[in-house]
Amino acid sequence: PRSALFPYTTLFRSRSIAALASAKTTAEQTVLTETKTALNDDITDAEAYYNSIKDDHADAAATLLDAINAAKTVKDNADATQEQVDAAIAALASAKTTAEQTVLTETKNELNDDITEAEAYYNSIKDSNPAAAATLLDAINAAKTVKDNGDATQEQVEAAIAALTGAKTTAEQTVLTETKDELNDDITEAE
């Protein structure tokens, strides 16, 4: 009796194995599709960041663009394996992080240059216009705090640059206005 069931048992096992293999292939294909969708989202995000930095940070942007193009090649490859897609996601994330760190470093260097320039201007006006100089000094000190903060974000550094630039412009306008007023007074006296 057992030998009579053997062909059916073997057939059942063969069908079960085939069904499991098919289910596994379908599951793997679903995961691959979802991972490619995630890769596409990462590419879109990286492209947006690339577009925001390409004009002011060309080297960081070029390196990121290379990673974007490599990721697109994998995304567009119908025969790409799960491992290739995973590697493309990791490489793109690494390239974006590196670009962000490079941009932050470059922006902090720009802030440092702006601080040096503002300090020179402060020193040139502190005796002749102490009120404008004091306001500028406050902005310089705030900018230095951001520059020295190892955890400062890109947004914080950019805000510090904007605030320092605004304070310096205001100081320059104040000094210019006062200089014009003094010149007008001198002209009036001379007439």
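Colleague: Is Asn69 buried, partly exposed or exposed?
Modeller: Keep in mind that this is a predicted model. Asn69 sits in helix α2, which covers residues 58-76. Its relative accessibility is 37%. Buried needs under 20% and exposed needs over 50%, so Asn69 counts as partly exposed.

Colleague: How far apart in space are Asn69 and Glu47, C-alpha to C-alpha?
Modeller: In sequence, Asn69 and Glu47 are 22 residues apart. Going C-alpha to C-alpha in space, the separation is 9.8 Å.

Colleague: And Thr35, is that one buried or exposed?
Modeller: Thr35 belongs to helix α1, residues 2-53. The cut-off for buried is under 20% relative accessible area. Thr35 comes in at 13%, so it counts as buried.

Colleague: Which residue's side chain does the side chain of Thr35 make a polar contact with?
Modeller: A polar contact takes a pair of N or O atoms within 3.5 Å. For the Thr35 side chain the distance is 3.0 Å, and the partner is the side chain of Gln82.

Colleague: Which helices each supply at least two residues of the negative patch?
Modeller: That surface patch is formed by Asp55, Asp56, Glu110, Asp113, Glu155 and Glu158. The helices supplying at least two residues each are α3 (82-125) and α5 (154-190).

Colleague: Last one: why does Glu155 count as exposed?
Modeller: Glu155 is one of the negative patch residues, and its place is in helix α5. Exposed means over 50% relative accessible area. Glu155 counts as exposed because its relative accessibility is 57%.

Definitions and conventions:
Residues are numbered from 1 along each chain as its sequence is written. This is a predicted model: local features need pLDDT of at least 70, side-chain atom pairs count only at pLDDT 80 or more; totals for chains, interfaces and linings use all residues. Side-chain values use heavy atoms; hydrogens and water are left out. Patches are made of residues with over 30% relative accessible area and no salt bridge: like charges are joined within 9 Å, nonpolar side chains (Val, Leu, Ile, Met, Phe, Trp, Tyr) within 5 Å. Accessible areas come from the Shrake-Rupley method with a 1.4 Å probe; for residues, only the protein chains shown count as cover. A salt bridge is a side-chain nitrogen of Lys or Arg within 4 Å of a carboxyl oxygen of Asp or Glu. Lys and Arg count as positive and Asp and Glu as negative; His and the chain ends are not counted. The place of a charge is taken as NZ of Lys, CZ of Arg, CG of Asp or CD of Glu. Helices (H or I, at least four residues) and strands (E, at least two) are DSSP runs, numbered from the N terminus. Buried means under 20% relative accessible area, exposed over 50%, partly exposed in between (1.4 Å probe, protein chains only). A polar contact is a pair of N or O atoms within 3.5 Å; within protein, one must be able to donate a hydrogen and the other to accept it, and residues adjacent in sequence count only if both atoms are side-chain atoms.
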